[in-house]
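This report goes through a few local features of one structure. Please look at the sequence and the model first.

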Amino acid sequence: FRDPVVFALQQFFSIFTTETNRLFPISSLKSRTIILPHVATACAGAAQLVTIFYIPLLFQFVRGDSGLQAAVRLLPFIMFNIATIMGSGIVMPLIGYYYSFYIVSGILTTISAALMYTVTLAASTAAIYGYTILIATGTGLLAQAAYSIAPAKVHPSKVSDAIGFI
């Protein structure tokens, strides 16, 4: 408990360091434009990790698949997630408006998580695939977006701090 407190105090008061050489970018905590994408990225990461962890367990323990079969059943999620991450990375700079990506991502992730909550033993494999593809699309829209937004919103001298914070 005391080590994080000591670290926070040391960084805040710049003890044995300077403001420019701090390890943690305290100035990023003052910017709503940096904090909100950070939180959204963390939420997308959590949704991805929960899906990646539990889908193979579902297929192994409920459907009796082997470890390899369960891993293969995760491929639709992985492929759609990667394609959506790359697609949003291409389209977002072209549009120049990132709020819509966050709104659509939130809607898709919420709907797909609610649908996954309804999965029972009788749920079809196709339904589970469809729900995981929706999760992959929702989380993929903003999984890496903050790394492009943060540098555009801060002073050029603070770009590395903003990226480090995200």
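This is a predicted model: local features need pLDDT of at least 70, side-chain atom pairs count only at pLDDT 80 or more; totals for chains, interfaces and linings use all residues.

Two elements give two or more residues to the patch: α4 (75–95) and α5 (99–117).

## The nonpolar cores

The largest nonpolar core consists of 16 residues. Ile34, Met92, Tyr102, Leu142, Ala145 and Ile149 have the most contacts inside it. Two or more residues of this core come from each of α2 (32–62), α5, α7 (146–153) and α8 (159–165). Another core, of 10 residues, lies apart from it and includes Ile55, Phe59, Phe77 and Ala136.

Leucine 142 touches Ala40, Thr41, Ala44, Phe101, Tyr102 and Ser105, when residues up to four places away in sequence are not counted.

Most residues other than glycine have a negative phi. Serine 14, though not a glycine, has a positive phi of about 55°. Phenylalanine 16 is not a glycine either, and its phi is positive, at about 65°.

Serine 14 is found in the loop between α1 (2–12) and α2, and phenylalanine 16 also lies in the loop between α1 and α2. Is each of them buried or exposed? Serine 14 has 16% relative accessibility and therefore counts as buried, whereas phenylalanine 16, at 85%, counts as exposed.

How values were computed. Residues are numbered from 1 along each chain as its sequence is written. Side-chain values use heavy atoms; hydrogens and water are left out. Helices (H or I, at least four residues) and strands (E, at least two) are DSSP runs, numbered from the N terminus. A nonpolar core is a set of buried Ala, Val, Leu, Ile, Met, Phe, Trp, Tyr and Cys residues joined through side-chain atoms within 4.5 Å. Buried means under 20% relative accessible area, exposed over 50%, partly exposed in between (1.4 Å probe, protein chains only). Contact means heavy atoms within 4.5 Å.
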